[in-house]
Amino acid sequence: MTTWYVLVEEDTRETKYAEGVELKLHRWKLVATRGVGSTAEEAAAEAERLALRHVPAVIARHARPGDQPAREAYLTPDGSWVVSVRQRGREAHVRVSVARLMHQQAESEAEVPASASWKEKLRKAF
């Protein structure tokens, strides 16, 4: 059984200063994954719902109950959504995509060798 997911990414901005110049660095950050079932159609319907309702953290942080931000949602030819959300002078961008989970692996840590120093053994214990 193939599992389909909806991925929600937000454009995060971080301001850095280098040699007296302000740099606004943008990065897409995966903020949510939602398993939606066994068909691409189910996933596409959920992606549309999230594209029309998801409120990015930078907007939600300053919202009051009942607020409805301005929204422009674009459906791209590949089926993903690019959304612009604005409220009270703040603007955020969201990308919502449909994807299949193709690989998953659990984290595993290597064993500490017997010849390891006490610092390495202590680090492994915590």
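**Close-up views of a predicted model**

**View 1. The lining of the largest pocket.** Four nonpolar, three polar and six charged residues make up the lining of the largest pocket. This model is predicted. The pocket holds about 340 Å³ of space. Asp11, Thr12, Arg13, Val58 and Glu91 are the closest to its centre, out of 13 lining residues. Three elements, β1 (4-18), α2 (57-60) and β5 (90-100), each give two or more residues to this lining.

**View 2. The largest nonpolar core.** The largest nonpolar core has 15 residues. Val6, Trp81, Val83 and Val96 touch the most other members. At least two core residues come from each of β1, α1 (40-53), β4 (81-87) and β5. Helix α1 gives the largest share, four residues. In soluble globular proteins, nonpolar side chains tend to be buried together.

**View 3. Val83 and what it touches.** Val83 is one of the core residues that touch the most other members. Leaving out residues up to four places away in sequence, Val83 touches Ala51, Arg71, Glu72, Ala73, Ala92, His93 and Val94.

**View 4. Ser84 in strand β4.** Ser84 belongs to strand β4. Ser84 counts as buried because its relative accessibility is 7%, and buried means under 20%. The side chain of Ser84 makes a polar contact of 3.3 Å with the side chain of Arg86. Beyond its neighbours within four places in sequence, Ser84 contacts Ala70, Arg71, Glu72, Glu91, Ala92 and His93. Glu91 is also among the residues closest to the centre of the largest pocket.

Notes. Residues are numbered from 1 along each chain as its sequence is written. This is a predicted model: local features need pLDDT of at least 70, side-chain atom pairs count only at pLDDT 80 or more; totals for chains, interfaces and linings use all residues. Side-chain values use heavy atoms; hydrogens and water are left out. On a 1 Å grid over the protein atoms alone, a cavity is a set of points where a 1.4 Å probe fits but cannot get out, and a pocket is an open set with protein on both sides within 12 Å along at least five of seven lines; lining residues have an atom within 4 Å of a point. Grid points are joined across faces, edges and corners, and a volume is the space filled by probe spheres set on the points. Ala, Val, Leu, Ile, Met, Phe, Trp, Tyr, Cys and Pro count as nonpolar, Asp, Glu, Lys and Arg as charged, and the others, Gly among them, as polar. A nonpolar core is a set of buried Ala, Val, Leu, Ile, Met, Phe, Trp, Tyr and Cys residues joined through side-chain atoms within 4.5 Å. Buried means under 20% relative accessible area, exposed over 50%, partly exposed in between (1.4 Å probe, protein chains only). Contact means heavy atoms within 4.5 Å. A polar contact is a pair of N or O atoms within 3.5 Å; within protein, one must be able to donate a hydrogen and the other to accept it, and residues adjacent in sequence count only if both atoms are side-chain atoms.
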